[in-house]
Amino acid sequence: MFDVRREGVEKDTFSPACLKTKGSFMKLKRFYPYFLLAPTLIILLGVTLYPFIYSVRLSFFSVPFGRIRYFAGLENYAELLQDPFFWNGIKNTGIIGGSALALEFFIGFTLALLLSRKIKLRSLFRAIFIIPMMLIPVVTALIWRLMFFPGGSVVSDAMRHLRLVTGDPNWIGQPTLARLMLIVMDVWAWTPFVFIILLAGLQGLPPEPLEAAEVDGANALQRFVHITLPLLKPIIVIALLLRGMDVIKFFDAIYAVTGGGPGSSTETISFYLYRIGFKSFKMGYTSAMSVIVFVIVFVLANYLLRKGFIIEE
Amino acid sequence: MNPKRQGTQVLIYAVLIVAVIVVIFPLWWTFLTSIKMRLDIYHDPPIYIPHKVTLDFWKLAWFTRSTKEWYRNTAGISAISTILSLLIGMPAAYSLARFRFPGRKDLAFYILSTRMFPPITISIPIFQTMQRLGFLDTWYALIVVYTAFNLSLVVLVLSAYFKEIPRETEESALVDGCSTLGSFFRITLPLSMPGIVAVAILCIIFSWNEFLFAVLLTNSPVAKTLPVGATEFIGGEEGVMWGPLCFVGTISVLPILAFALLIQKHLVRGLTFGAIH
Amino acid sequence: MKRKLSKWGGRAVVMALAISFILTVASVAFAKFPKPADFIDAKYIKEYAIPEYFVPDDKDWVRQQDWPAIKAKFAGTVIRHASEGVDIAAPLMFKDMFEELSGIKVEITGIPADVFFEKLMMEFLSGTRRYDAVEFYAEWLGCYAEPGFLYELSDFLKKWKVDIADFHPVYWKSYSLWDGKPYAFAYDADCHLLHWRKTLYDKAGLAGPPKTYDEVLANAKKLTMDTDGDGKIDIYGFGMPAGRGMWSFYYGQDILGAYGATLFTSDWRPGFNNPEGKAALKMFKELTEYSPPGVTGWNYAMCREAWLAGKMAQVMQWQCVGKQAHLAEMSRIWAEDVRHDVLPKGSGPKAKVAPALAAGSALGVTADAKNPEAAFLWLSFLNSAETQCIYSAAGTGVEPSHISSLTSPAFQRANPTVKAWLASLPVATAIPRIPEVNDLQISLGIAINEYLTGAMSLDNALVGAEKYWDRLMKKAGYYKPGVKPAPPFVVADW
């Protein structure tokens with residue numbers, strides 16, 4: 001898929017020579033890769049194509065609640081670009097989602113590395129670190145709300161014991177603290193995602209290049225930077241992309257805990273979409289917003305893949 | 001062991017222990033909240049060791065609501081959609097990882113792009129489609145939707161794992177012609193077990209905990225899943241019925257945890273590369 | 001021979017008639033009607049001296065119906081009822097008894113609150129004909145009635161002799177009537193009250209109940225205290241849900257009305273961006289300063305938890321948390337003398353008492369129901385005066401709307417908030433039941449919350465909300481000539 005030039009390791013795709021065929025029957029073998037992909041593509045197209053087209057089309061209509069819809073051209077888009085809540089949502093998504101993603105990556109990678117070494121009780125640790133993802137999101141959100149709620153807050157209690165704060169931080173009433181609270185929630189719940197993907201990636205690395213480098217006298221850091229990281233790049237990229245796209249959909253915690261407040265400081269784009277689409281039922285406007293979000297993510301993902309890594313044909 | 005090494009080991013264990021505490025505490029708190037008396041739940045300072053506990057909320061959730069049905073539905077729908085996505089996605093992942101063919105890059109990006117559109121907006125056309133197909137309030141609706149959502153995860157992640165395995169390792173088994181299928185089963189699959197296990201766990205978790213489509217596409221205990229059922233304890237006069245809610249949350253984790261514990265030994269490198277050469 | 005036959009034949013007929021008469025009478029006599037003792041904890045029956053029935057026979061619709069005849073006609077019918085999440089407890093309590101009486105089977109589905117509105121909308125818009133009976137927040141009456149999703153009930157009400165006069169007029173006008181016609185029953189009738197702890201008032205030497213918000217604030221200042229001498233404030237003087245969106249709106253509505261502002265002027269223009277509105281919201285903000293930290297993020301659940309944990313001396317909230325304050329299993333202040341009163345008025349020339357009729361839910365029959373009459377019977381059953389008293393006193397969280405329920409002495413004993421509640425209704429205010437309600441409420445609520453949290457100045461917040469409302473109402477066509485004027489703010493005047 002997305003190839004990476006690796007030091008000392010050949011690109012590992014089969015050359016088309018393998019697929020060159022002898023005789024007319026064998027000609028079908030050229031389509032072998034497409035056959036393997038076909039079921040996946042059929043299902044994906046079937047489930048997502050109609051909704052996508054429907055939504056894009058709807059974005060050009062105005063659908064006032066309870067009344068007849070009418071064609072509105074680019075009116076929704078024009079309104080969106082001037083909508084302060086829209087930009088606020090993008091900003092908050094960037095702040096909360098971006099910080100969460102960075103932390104999840106850092107912590108997840110560290111834990112994966114630690115557990116790739118020979119440690120006692122390794123399998124126990126591994127199993128434990130996957131668990132946070134497994135809890136029902138709304139329960140997770142509400143339990144964290146219970147633990148953060150000023151006046152009886154377990155988190156504040158712990159921080160007081162560790163001498164990090166005095167008094168009772170107002171997690172729900174102050175914008176910075178509220179955002180921090182949401183970041184903590186997301187990191188707790190979703191670091192396991194990054195952890196498990198990177199751990200499996202580390203486990204799947206061929207040991208020969210590492211052993212060879214050790215024999216050549218490279219120390220641990222050099223081995224990590226020049227061998228492990230490049231080999232892991234496809235997996236790191238995928239983990240970043242997948243988790244990044246999911247963090248944009250961050251919703252449960254905001255709904256259960258802050259409702260987008262205080263003020264509008266924790267209203268992410270997904271919560272604004274919910275507020276407009278599900279509460280006010282303005283489907284034309286919601287569709288336009290979704291299209292813009294889609295375009296932004298599309299462009300960012302594309303950029304990340306092309307510029308950051310060498311893609312070859 | 002030299003002191004430096006010992007020091008590193010201690011540091012590592014310290015970090016891990018702290019991580020375990022941070023991970024486990026909220027789960028422990030969830031379990032504890034399910035058995036606490038109502039008054040002890042929102043108390044200042046927080047009550048870490050309640051002097052009285054009760055199983056009344058467990059009984060309420062298990063016997064007076066359709067918790068058993070939610071459990072059955074969630075398990076069935078998650079298992080089936082995970083198996084389907086793995087079966088369908090693995091060949092696609094292999095194709096993207098191993099073959100060079102025109103459109104490969106674009107098809108991969110298309111698969112990625114199916115995750116980019118906000119779900120809220122497409123939920124309504126999907127609702128209408130499911131209604132026309134007669135799938136509403138059945139397992140079919142969610143199985144179809146979850147399989148599609150998990151497919152992109154399976155294909156993209158597994159293709160990255162397949163690429164980790166160097167070509168020579170596979171080609172060493174291809175001495176007699178292009179029996180790619182054989183090399184797949186004998187070499188690629190066992191070596192990429194960690195990746196497959198990781199993806200399987202992720203698919204189960206996503207299907208199990210998904211909320212938006214589950215709530216829109218189901219109505220009755222015939223198809224309702226645990227995340228939707230759990231919300232029957234939120235709202236109304238009591239605000240949040242912590243006891244039953246935390247009970248449902250606690251038992252919801254158990255099957256996934258059991259599954260993960262069972263297969264997680266495959267999360268490590270199975271065969272060593274050396275054995276093949 | 002013939003004569004003998006006809007003599008025995010005659011006797012047989014008389015016997016048959018006699019037996020069927022006795023059986024009918026017996027089945028009615030032994031039919032199980034909802035009784036308090038069957039559903040309410042014995043200790044509460046004793047404590048509140050609840051008699052066999054809360055309301056007299058002639059006021060309870062259930063006891064007046066000919067159930068055997070109903071059963072004969074409707075046996076075997078299945079109807080589906082959509083209930084909002086947790087409110088499912090009340091219908092669940094009664095559906096078996098209803099099936100026994102009427103032969104109608106009720107399947108109840110719970111829908112989570114956060115998707116309730118849109119899920120119902122999607123079902124309606126897609127014509128799935130999934131539900132016969134639906135519950136919805138009273139404010140959404142216009143959202144469902146205007147597009148024609150609800151069944152107009154006047155014929156059924158007449159046919160089954162429902163005593164409309166027993167519905168409290170304020171609830172009848174705001175929960176049931178739309179465009180002059182009945183589309184729903186009031187199910188969970190709500191009202192905002194001031195609950196205050198007289199025990200704390202006495203300790204601080206204060207006299208209550210406070211009659212103006214200025215008094216409330218002054219008392220709140222004195223009641224905010226550190227009770228155990230550790231330097232940390234343990235009890236705050238006041239509290240209310242002031243979270244972003246709906247919550248700031250609901251309680252903003254109370255205070256705006258108390259100072260003489262309104263939501264709409266008679267020509268549908270926003271009525272809150274004026275000196276009265278500003279004074280009201282300034283008071284709102286000052287009150288948050290004597291409330292526990294986090295109050296500007298509180299939803300209903302968080303405020304309730306803080307109140308029942310004893311964190312504040314006074315609270316402005318729905319009736320239910322007042323009642324719950326007296327229950328030992330959920331309240332830490334149950335032993336105190338907790339009182340309930342009508343919300344105070346503001347200050348200034350236009351000040352008046354004007355509590356908000358916020359939220360609350362109604363029950364309707366869907367327009368495309370497969371069995372509308374059966375659904376109507378179920379809703380009538382669920383909404384009858386006795387049933388309402390029972391499920392309220394049993395702690396399901398759903399509150400009655402019948403006059404006979406609210407004036408029943410036994411019910412008043414079981415629910416100490418009723419007197420203040422009854423006194424609040426004649427002056428209560430409500431937002432007009434138009435389809436745009438959600439958007440209006442949330443936008444104003446967000447603006448108020450921005451001001452409360454200091455993110456925006458008062459003027460900017462009000463101007464912003466006013467502009468948004470203006471644009472919304474204009475787009476919806478309310479500023480065209482010939483549009484009916486907005487209903488008055490006070491429901492009793494509708």
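I take buried to mean under 20% relative accessible area, exposed over 50%, and partly exposed in between, with a 1.4 Å probe and protein chains only. This is a predicted model, in which local features need pLDDT of at least 70 and side-chain atom pairs count only at pLDDT 80 or more, while totals for chains, interfaces and linings use all residues. Residues are numbered from 1 along each chain as its sequence is written, chains are lettered from A and ligands numbered from 1 in the order in which they are written, and side-chain values use heavy atoms, with hydrogens and water left out.

**Entry 1: His81(C)**

I looked up His81(C) and found this residue in strand 1 (residues 78–84) of chain C; helices (H or I, at least four residues) and strands (E, at least two) are DSSP runs, numbered from the N terminus. His81(C) has a relative accessible area of 0% and therefore counts as buried. I then listed its contacts, meaning heavy atoms within 4.5 Å. Leaving aside neighbours within four places in sequence, the partners of His81(C) include Pro91(C), Glu107(C), Tyr131(C), Leu363(C) and Trp378(C).

**Entry 2: helix 5 of chain C**

Which residues of helix 5 (residues 67–74) of chain C are buried? I find Trp67(C), Ile70(C) and Phe74(C), and seen down the helix axis these buried residues fall within an arc of 60°, so they line one face of the helix. The arc is that of the directions from the helix axis to the C-beta atoms. An α-helix has 3.6 residues a turn, so residues three or four places apart point the same way. The buried residues of helix 5 of chain C pack against helix 4 (61–64), helix 6 and helix 17 (372–382) of chain C, whereas Ala72(C) and Lys73(C), on the other side of helix 5, are exposed. After helix 5 of chain C comes Gly76(C), with a positive phi near 95°.

**Entry 3: chain B against chain A**

I next went to the interface of chain B and chain A, where 112 residues of chain B are in contact with 112 residues of chain A. The two chains bury about 10,500 Å² between them, 74% of it on carbon and sulfur atoms; buried area is the accessible area (1.4 Å probe) that two parts lose on being put together, summed over both. In chain B, the residues that lose the most area to chain A are Arg100(B), Lys163(B) and Glu164(B), together 7% of what that side buries.

I count one salt bridge across this interface, taking a salt bridge as a side-chain nitrogen of Lys or Arg within 4 Å of a carboxyl oxygen of Asp or Glu. In a salt bridge between these chains, the side chains of Arg115(B) and Asp246(A) meet at 3.7 Å, N to O. Helix 1 (residues 3–35) of chain B gives the largest share of the side that touches chain A, 15 residues.

**Entry 4: chain C against chain B**

How many residues does each chain bring to the contact of chain C and chain B? I find 39 residues from chain C and 35 residues from chain B, and the two bury about 2,900 Å² between them, 56% of it on carbon and sulfur atoms. In chain C, Val86(C), Met122(C) and Arg332(C) lose the most area to chain B, together 22% of what that side buries. The count here is one salt bridge, and Arg332(C) meets Asp40(B) in a salt bridge at 3.2 Å, N to O.

**Entry 5: other salt bridges**

Over all chains, a search of the whole structure finds 36 salt bridges. Side chains of opposite charge can pair when their charged atoms come close. I noted Glu267(A) with Arg275(A) at 2.7 Å, N to O; Glu267(A) is buried at 0% relative accessibility, and Arg275(A) is buried at 9%.

Lys279(A) forms a salt bridge with Glu118(C), the closest N and O atoms being 4.0 Å apart. Lys279(A) lies in helix 11 (residues 269–279) of chain A and Glu118(C) in helix 7 of chain C, so the pair joins two chains. I find Lys279(A) buried, with a relative accessible area of 14%, and Glu118(C) buried at 0%.

Within chain B, the side chains of Glu238(B) and Arg38(B) meet in a salt bridge at 2.9 Å, N to O. Glu238(B) lies in the loop between helix 12 (226–230) and helix 13 (242–263) and Arg38(B) in helix 2 (residues 38–41), so the pair ties together parts of chain B that are 200 residues apart in sequence.
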